[in-house]
Amino acid sequence: ETTKVVSKIVDRQVSLPGEFFPYLRTDLHAKVSGFVEKVDVDRGSVVKEGQLLLTLTAPEMTAQLAEAESKVKAVESQRAEAEAKLVAALSTYERLKAAAETPGVVAGNDLVLAEKAVDASRSSVRAIEDQVKAATAAASAVRELQSYLRVTAPFDGIITERNVHPGALVGPGGGQGTPLLKIEQI
């Protein structure tokens, strides 16, 4: 059998249920505890990646940083004192060693004691240098925590929810609790 070819527009409609979801969506929570000082955005605000969204203030963190920095200075002064003691012990040992070359001038035990004093001073200097490194790392950690007082946009998008106002006390919520802001990238 044959049939004649006819040119027609093919048209077919199918209704399917669906939802639109943003490409990226995230809840923004505070990483450190503090008071909301300033909110720079509101619902519907278009933001760019890295843009400052809100600023927190934490007075106790300033005190922690001052304490950590003063500890670094105190430990550095201890290191200077220990190094001075090492130089003094080394000088005493060198003089006793030079004097011991003449028989009967210095007791052998005094020379051994001076040598052990030098070793002890060196160990003390090394221990204090480790304390300096630890105190410096602690101060750096507090400085890094202070950087979390500025909440910035993780990507370009639109603020879809704002749940805080200046003066509110916020803290680390992670995935729990109400987020500070919600941002979506359409």
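User: I'm new to this one, so what is the strand order in the open sheet that has β1 in it?

Analyst: In this predicted model, the order is β1-β8-β6-β3, an open sheet of four strands whose pairing is antiparallel.

User: And which strands are at the edges there?

Analyst: The edge strands are β1, covering 24-28, and β3, covering 46-47, and each of them pairs on one side only.

User: How many bridges join β6 to β8?

Analyst: Strand β6, residues 157-162, and strand β8, residues 181-185, run antiparallel and are joined by four bridges. Within that pairing, the residue standing opposite Ile158 is Glu184 in β8.

User: There is an open sheet with β5 in it too; what order does that one have?

Analyst: That open sheet has four strands in the order β5-β4-β2-β7, with antiparallel pairing. Its edge strands are β5 (150-152) and β7 (169-170), each of which pairs on one side only.

User: Where does Gly34 pair in β7?

Analyst: The bridge partner of Gly34 in β7 is Val170, and the pairing of β2 with β7 is antiparallel and extends over two bridges.

User: Switching to helices: at what angle do α1 and α2 pack?

Analyst: Helix α1 (residues 59-100) packs with helix α2 (residues 108-147) at an angle of about 165°, and their axes are 8 Å apart. Angles over 145 degrees count as roughly antiparallel, so α1 and α2 are roughly antiparallel to each other.

User: What kinds of residues make up the contact of α1 with α2?

Analyst: The residues of that contact divide into 24 nonpolar, eight polar and 12 charged. As for handedness, the crossing in which α1 passes α2 is left-handed.

User: What about Ser140, where is that?

Analyst: Ser140 lies in helix α2. The C-alpha atoms of Ser140 and Glu69 are separated by 9.1 Å, although these two residues are 71 residues apart along the chain.

User: Is Ser140 buried, exposed or partly exposed, and why?

Analyst: Ser140 is partly exposed, because its relative accessible area is 34%, while buried means under 20% and exposed means over 50%.

User: Last topic, the largest nonpolar core: which residues touch the most other members?

Analyst: That core has 24 residues, and Leu53, Leu54, Leu180 and Leu181 are the ones that touch the most other members. At least two residues of this core come from each of β2 (34-39), β4 (52-57), α1 and β8.

User: Which of those gives the most to this core?

Analyst: β4 gives the most, with three residues. As general background, nonpolar side chains tend to be buried together in soluble globular proteins.

Conventions:
Residues numbered from 1 in each chain as written. Predicted model: local features only at pLDDT ≥ 70, side-chain atom pairs only at ≥ 80, totals over all residues. Heavy atoms only, no water. Pairing = 2+ DSSP bridges. Axes fitted to C-alpha atoms, helices over the stretch in contact; angles between N-to-C directions. Parallel < 35°, antiparallel > 145°, perpendicular 65-115°, else oblique. Left-handed = near helix turned anticlockwise from the far one by under 90°. Nonpolar A, V, L, I, M, F, W, Y, C, P; charged D, E, K, R; others polar. Core = buried A, V, L, I, M, F, W, Y, C linked by side-chain atoms within 4.5 Å. Buried < 20%, exposed > 50% of the residue type's maximum accessible area, 1.4 Å probe, protein only.
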